[in-house]
Amino acid sequence: MKRARACLLAAAGLVLATPALALACPVCFNAKDDAARVAFLATTVFLTALPLLLIGGAISWLARRAAQADQAVEGPAPAADPAPETRARDLARDALT
Amino acid sequence: MEAAAKVLHLSRKMPAARRRQVAPNGVLGMLIFVIAETMFFGGLISAHAIVKAGALRGWPPPGQPRLPVAETLINTAALIASGVLLYVAHRAFAHNPRRARTPMLLSMLLGAAFVVLQGVEWVAMLHQGLTMTSSTHGAFFYLLIGTHGLHVLCGLAVLVWAYARLVRGLLVGTQLAAVQILWYFVVGLWPVLYWRVYL
């Protein structure tokens, strides 16, 4: 516990002692003016949204197709199933014979 | 041993799970390929946007030739018309495959015209001094437009293959659908590239 607290204090001391500005984006130092900053923001949003849209779209399309395929396979409503107890009894009888 | 035999006997009596095809393999494969290619072009377009926005001396850089905006607009119209004709071919194919031949052939010819006109444009740009190494403008132009051109060539090759099968009466709907996905991607991407690179 003492060691964890010491580590935490050391980390906090390091953060406070660091005078340089921390940049989350490794290439944003190149953003010299507003147009470049807007370009960085726009492309970040674009590249974040694009895979989500593509994969989400593909999954929703496949889900729709699967639902359609299920409906096509099911066809008309089947005859009512016998009660589970009756089915179990039939299976057990089959196994024994 | 006897119990195992009974279980096997029981499992044979159970109805087998019915398989259903959600999407044809060719269509699904092409869809995955197009998704990957969309991300690839998304990265290239983003890189171009950042370099263009960060250009200190304007875009295109001074001393570099201007791109032929009006001529390429005609090219754009040809490629879009090619996509529309492929859709017409798809509609015709559903009713009578023989009637799909003419629109599909016209679609291929318009696609080929696009490639030829792009080639002519490239030769002119090279003569004017725009090369891969002349500036970032030139590098991005040849990279983006060249990569798209390569996709158009691949799309054309697939269209020729589909047309040959159509003529021989061997083309099936799922094959045409896969070809359509690739061609619509190529056609749909071009206006975006035209807007970002030429305008």
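Analyst: Helices here are DSSP runs of H or I of at least four residues, numbered from the N terminus. The model is predicted, so local features need pLDDT of at least 70 and side-chain atom pairs pLDDT 80 or more, while totals for chains, interfaces and linings use all residues. Residues are numbered from 1 along each chain, chains are lettered from A and ligands numbered from 1 in the order written, and side-chain values use heavy atoms, without hydrogens and water.

User: At what angle do H3(B) and H6(B) pack, and how far apart are their axes?

Analyst: Two packed helices are described by the angle between their axes and the distance between the axes. Axes are lines fitted to C-alpha atoms over the stretch in contact, with angles from 0 to 180 degrees between N-to-C directions. Helix H3 (residues 69-95) of chain B and helix H6 (residues 173-198) of chain B have axes 10 Å apart, at an angle of about 160 degrees. H3(B) is therefore roughly antiparallel to H6(B) (over 145 degrees). Their crossing is left-handed (the near helix is turned anticlockwise from the far one by less than a right angle).

User: Which residues make the contact?

Analyst: Contact means heavy atoms within 4.5 Å. From H3(B), the residues include Leu73(B), Leu79(B), Gly83(B) and Phe93(B); from H6(B), they include Trp183(B), Tyr184(B), Trp190(B) and Tyr198(B). By class, this contact has 16 nonpolar, seven polar and no charged residues (Ala, Val, Leu, Ile, Met, Phe, Trp, Tyr, Cys and Pro are nonpolar, Asp, Glu, Lys and Arg charged, the others, Gly among them, polar).

User: At what angle do the axes of H5(B) and H6(B) cross?

Analyst: Helix H5 (residues 136-167) of chain B crosses H6(B) at roughly 155 degrees, and the axes come within 10 Å. H5(B) and H6(B) are therefore roughly antiparallel, and the crossing is left-handed. Their contact has 20 nonpolar, four polar and one charged residues.

User: How do H4(B) and H5(B) pack, and at what angle?

Analyst: Helix H4 (residues 101-127) of chain B packs on H5(B) at about 155 degrees, with axes 10 Å apart. The two are therefore roughly antiparallel; H4(B) passes H5(B) in a left-handed crossing. This contact divides into 21 nonpolar, five polar and two charged residues.

User: Is the peptide bond from Trp59(B) to Pro60(B) cis or trans?

Analyst: Most peptide bonds are trans. The bond from Trp59(B) to Pro60(B) is cis, with omega near -5 degrees; Pro60(B) sits in the loop between H2 and H3 of chain B.

User: Which residues lie nearest the centre of the largest pocket?

Analyst: A pocket is an open set of points on a 1 Å grid over the protein atoms alone where a 1.4 Å probe fits, with protein on both sides within 12 Å along at least five of seven lines; lining residues have an atom within 4 Å of a point. Phe46(A), Gly42(B), Ile45(B), Val192(B) and Arg196(B) lie nearest the centre, among 15 lining residues. H2(B) supplies the largest share, six residues. The lining divides into 10 nonpolar, four polar and one charged.

Key
Parallel < 35°, antiparallel > 145°, perpendicular 65-115°, else oblique.
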